[in-house]
Amino acid sequence: MANLTTNPSILSWIEDRKALVKPEKVVWIDGSKEQIEQLRAEACSTGELIKLNQEKLPDCYLHRTAINDVARVENRTLICTPTQEEAGPTNNWMAPDEAYKMLDEIAKDSYVGRTMYVIPYSMGPVGSPLAKIGVELTDSIYVVLNMAIMTRVGKAVLDVLGDSNDWVRGFHAKCQIDEEKRYICQFPQDNTIISVNSGYGGNVLLGKKCFALRIASYLGKNEGWMAEHMLILGVEKPDGETKYICAAFPSACGKTNLAMLIPPEIYKEKGYKVWCVGDDISWIRKGADGRLYAINPENGFFGVAPGTNEKSNPNALASTKKGTIFTNVVHNLDDNTVWWEGLDKNPPENAVDWTGKPWNGKTSDAKGAHPNSRFTAPAVNCPCISPEFENLNGVPISAFVFGGRRAKLAPLVYQSRDWNHGVFVGSIMASETTAAAAGAVGVVRRDPMAMLPFCGYNMADYWQHWIDIGKTLDPDKAPKIFNVNWFRKDDEGNFMWPGFGDNLRVLDWILDRCDGKVDAVETAIGFVPKAEDINIDGLEGEVSRESLESILDVDKELWAKEAEGIAEFYSKFGDKLPETLKAELETLKANLK
Ligand code: OXD
Ligand code: MN
């Protein structure tokens, strides 16, 4: 097949990889429907994909990964920088020379008898000044078809790149799917990602976490922009004006649900609408007017299936009805569709579980879908996809929202005093572990800006970058920074806030604060709403004024303990910890006295 480009840096890199892995042939992904269709057919012929009921789920397919290959592997994800200090205390590190040598030995000859697919892709709308280009080499059709949903692929991308060397190299080899030799390596200084021995999404769709967060965060530091683990949503008010919010949450805190939320009835009646620009990643840059603008670099949703249903997230569910690849869910043999725990109360009896074994949902105690089973769905399918989704310049951001799962400590919402205090609020983000993940439940895991596994360089330098970006912004134009906690519990262990669509009530207060339309109470940790300013009309029986007051309170004793935990976490960073954050911690401690 003819090369799709004459770009010398791409061609020489492909030659270099070919010499190492020795593919039988090379196929360039041109982005055409015909080629995608032909690859789907080929994957079905080998069993890599199963074609689902084309009447109920047009262009939808099912894939099962190896049983030992079902999630991102943080302990085998390495940042390969010349010194360990550049990677910092929160990343796994290996020196680049050593890592390249190890990876070359693992990947050597691994494509023998196989095809090398060359995927040119754009993160962000093709041609956007905020977009970046990558090329991923892979021996997996599953990867090609997922990348074709999650990113913009094909010839148009290469035409934009021309002969430039400004692109990210991504090399993936399935090898033997050997857990002991599985590595996901980022080389920030070389714009390079190498992933071996996995076939699972987060490890192998190299545009997502590897490029759009780990490599991009490093590029952003050097080029004066930001790559963040944040959803982007627009809230359209009854007057027709839409304001945009970027929000960061650790996993299992409902990011996709918030990004696509359905307004409560009383808000719908007033004319509020919520628009989804992105559910996972934001790339953010200062615009000509001095405000920060964000794009979603992705083109699809790689969402967790279990728990997604008509109530929790009808927009996500609707997004999966065509052109979607399901991974590790239940295959319903009666009508050749899919099912997962939490979809409905009607599990199929004649089915196959995620491991490929016969499964009866009525009699089996074992789960049919893997807890981390996924859908890869095109963003355009989403009923509330923002009309600005393809806007080359992104959307202007009014507020940054951080959040975590804290049963007692953090109030429903609070606002930072200013930008630097907001950076502090992001840096102390933490979430209590849930039963969904292995290990103890209720243990606090620090996850600054939800970037713990995704920051491509020293987290202390990343915080300094946030502080430096703030210095370039006029305070009137800088997004205001907030923290939310949907997960406060009463002494009996019941959630005190309904969450889901009702979270719009909190976003509404946040946007009113941005507009200077509503007052707040200054506390030791920042500005907290007056209970009467959170609209609870229509929540009768769920939230009383008193319980709202109690989820807005700031318990100084608990916060004093928290301050000790923050100091301990900060101590990991030694001298690198920005002075600004040290000072913010001292201010917090003083405020609590
Ligand atoms: C994801 C994650 O899959 O954050 O988005 O793990
Ligand atoms: Mn994520």
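1. For Asp-280, a polar side-chain atom lies 3.3 Å from a ligand 1 oxygen. On its own ligand 1 exposes 210 Å², and the protein buries 85% of that (Shrake-Rupley areas, 1.4 Å probe).

2. A word on the numbers: this is a predicted model, where local features need pLDDT of at least 70 and side-chain atom pairs pLDDT 80 or more, while totals for chains, interfaces and linings use all residues. Side-chain values use heavy atoms, without hydrogens or water.

3. Who else is around ligand 1? The residues there are Arg-72, Lys-209, His-229, Asp-280, Arg-374 and Phe-454 (a heavy atom within 4 Å). By class, that shell has 4 charged, 1 polar and 1 nonpolar (Asp, Glu, Lys and Arg count as charged; Ala, Val, Leu, Ile, Met, Phe, Trp, Tyr, Cys and Pro as nonpolar; the others as polar).

4. Arg-374 also belongs to strand E24, residues 374-378 (a DSSP run of at least two residues). Both faces of E24 are covered, with Arg-374, Thr-376 and Pro-378 buried on one side and Phe-375 and Ala-377 on the other (buried: under 20% relative accessible area, 1.4 Å probe, protein chains only).

5. E24 pairs antiparallel with E18 over 5 bridges and with E19 over 3 bridges (pairing takes at least two DSSP bridges). Arg-374 stands opposite Val-304, and is the bridge partner of Thr-327.

How values were computed:
Residues are numbered from 1 along each chain as its sequence is written. Chains are lettered from A and ligands numbered from 1 in the order in which they are written. A polar contact is a pair of N or O atoms within 3.5 Å; within protein, one must be able to donate a hydrogen and the other to accept it, and residues adjacent in sequence count only if both atoms are side-chain atoms. Buried means under 20% relative accessible area, exposed over 50%, partly exposed in between (1.4 Å probe, protein chains only). Helices (H or I, at least four residues) and strands (E, at least two) are DSSP runs, numbered from the N terminus.
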